[in-house]
Amino acid sequence: MSEISALPRIRELDAYVPGLSIAEIQQKYGLSQVIKMASNENPLGASPLAQEAARRHAPSLFRYPQGGNPRLVRALADLHAVDSRRVAVGNGSDEIIDLLIRMLAEPGKHSLACFEPCFSIYPIQGRIAGVKVRRCPLEKDFSFDFDALLRLVDQSTRLVFVTTPDNPSGYCPPRGAVADLAGRLADIAPDCLLVVDEAYMDFAEDEAGASLLASGALPDNAVFLRTFSKSWGLAGLRLGYGVLPPALAEYFWRARLPFSVNILAEEAGLAALADTAFRRATLDAVRRGRATLRDGLTALGCTVWPSAANFLLFRLPPDAGSAKGCFEALLRRGIIIRPLNSYNLPEHLRVSVGDAGENAAFLAAMREILAAPEARRA
Ligand SMILES: *Cc1c(COP(=O)(O)O)cnc(C)c1O
């Protein structure tokens with residue numbers, strides 16, 4: 001018997017729990033039609049121009065990508081009107097999160113701070129890196145207590161994570177509050193980085209007013225993360241990016257695996273950025289669908305939290321049975337949403353905004369489930 005084993009911190013790890021896949025549910029319930037509203041993907045699919053770019057570049061699959069993804073970097077710098085020396089791209093923003101932790105925090109010595117609950121990649125990648133994870137609870141209404149977050153910060157703290165709009169609640173703090181947090185963090189811990197994850201920011205009604213990145217006033221101690229997985233419709237290709245302080249961006253490129261952004265991701269990403277019509281349609285569909293779902297769930301007696309993102313957090317009405325029962329009743333009807341046990345919110349559910357047909361099917365199924373006793377028995 002070999003004595004090879006992973007480090008204790010890896011053996012103890014609770015891994016990331018992804019949304020269920022369509023294929024899994026088709027098989028398990030013998031369904032031909034399954035709707036997935038679980039992973040905040042683009043309800044309109046992938047941009048036609050991005051699909052065409054992926055096809056056009058298929059003959060280049062035997063090539064390595066160009067080092068440093070310079071065309072993509074330039075396009076993103078233009079998009080956000082920032083110096084291209086600030087832009088970092090990665091295999092999803094997950095890769096950038098992971099790398100920032102490993103670049104800044106020493107295993108066994110340093111800590112990071114985030115809210116509880118929050119996007120689970122921050123604590124998971126922190127633990128994998130051997131970094132102490134400090135967490136403070138969200139307010140009852142899922143808003144942020146930045147004073148409490150800052151109280152977690154001491155000389156050992158190298159990163160603070162804030163998601164805006166937040167996952168899984170959709171809460172979006174005023175951008176002035178985030179700027180103020182960056183300023184206070186710089187005062188108490190000059191070597192600590194504020195990571196502002198704006199994965200869902202483009203879905204906000206007023207992106208220009210809500211985003212510190214869009215304001216152009218970038219604090220020296222902050223990184224802004226965005227992704228092609230949500231509004232740009234390329235989750236399967238794995239493409240994310242960050243706007244970093246220039247010195248940190250330079251180190252990022254030294255530390256990143258050389259070819260983590262592949263040829264198809266780069267070409268499709270560039271094409272998606274150019275597809276302004278698809279972009280408009282996506283943002284319109286999500287903002288409209290979000291209102292439809294909010295009104296529909298509210299009319300059914302659910303509690304729905306205000307969301308600036310492409311998903312809604314909700315709770316069932318009192319006496320309507322458990323969230324788990326409702327989730328499973330939806331699965332039997334071929335609709336996948338997100339249970340939130342892994343966020344320690346077992347009585348809450350999260351539904352991604354779908355297209356008009358998917359939203360209607362979800363609301364019809366919810367009406368049926370809440371009227372019938374099956375959820376109550378579960
Ligand atoms: C979906 C999501 C991301 C994006 O992850 P990718 O690796 O780019 O697919 C980042 N942060 C949050 C909070 C998310 O929900």
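**View 1. The ligand takes up the largest pocket.** On a 1 Å grid over the protein atoms alone, a pocket is an open set of points with protein on both sides within 12 Å along at least five of seven lines, where a 1.4 Å probe fits. A molecule counts as sitting in one if more than half of its atoms lie within 2 Å of its grid points. This is a predicted model, so local features need pLDDT of at least 70 and side-chain atom pairs count only at pLDDT 80 or more, while totals for chains, interfaces and linings use all residues. Residues are numbered from 1 along each chain as its sequence is written, and side-chain values use heavy atoms, with hydrogens and water left out.

**View 2. Here is the shell around the ligand, made up of 14 residues.** The closest ones are Asp197, Tyr200, Thr227, Ser229 and Lys230. Sorted by class, the shell has six polar, four nonpolar and four charged residues. Helix H5 (residues 92-104) gives the most to it, with three residues; helices (H or I, at least four residues) and strands (E, at least two) are DSSP runs, numbered from the N terminus.

View 3. A polar side-chain atom of Tyr200 is 2.6 Å from a ligand oxygen. Thr227 also has a side-chain N or O atom 2.6 Å from an oxygen of the ligand. On its own the ligand has 390 Å² of accessible area (Shrake-Rupley method, 1.4 Å probe), and the protein covers 94% of that.

**View 4. Arg56 and Glu52 form a salt bridge.** The term means a side-chain nitrogen of Lys or Arg within 4 Å of a carboxyl oxygen of Asp or Glu, and the count comes to 21. In this pair, the closest N and O atoms are 3.6 Å apart. Both residues belong to helix H3 (residues 48-56), and because they are four residues apart, about one helical turn separates them.

View 5. Most residues other than glycine have a negative phi, and most peptide bonds are trans. The bond from Glu116 to Pro117 is cis, with omega near 0°, and Pro117 is in the loop between strand E3 (111-116) and helix H6 (121-128). Asn69, in the loop between H3 and helix H4 (70-80), has a positive phi, near 45°.

Notes
Near = heavy atom within 4 Å. Polar contact = N/O pair within 3.5 Å; in protein donor to acceptor, adjacent residues only side chain to side chain. 1 Å grid on protein atoms, 1.4 Å probe; cavity = no way out; pocket = protein on both sides within 12 Å on 5 of 7 lines; lining within 4 Å. Nonpolar A, V, L, I, M, F, W, Y, C, P; charged D, E, K, R; others polar.
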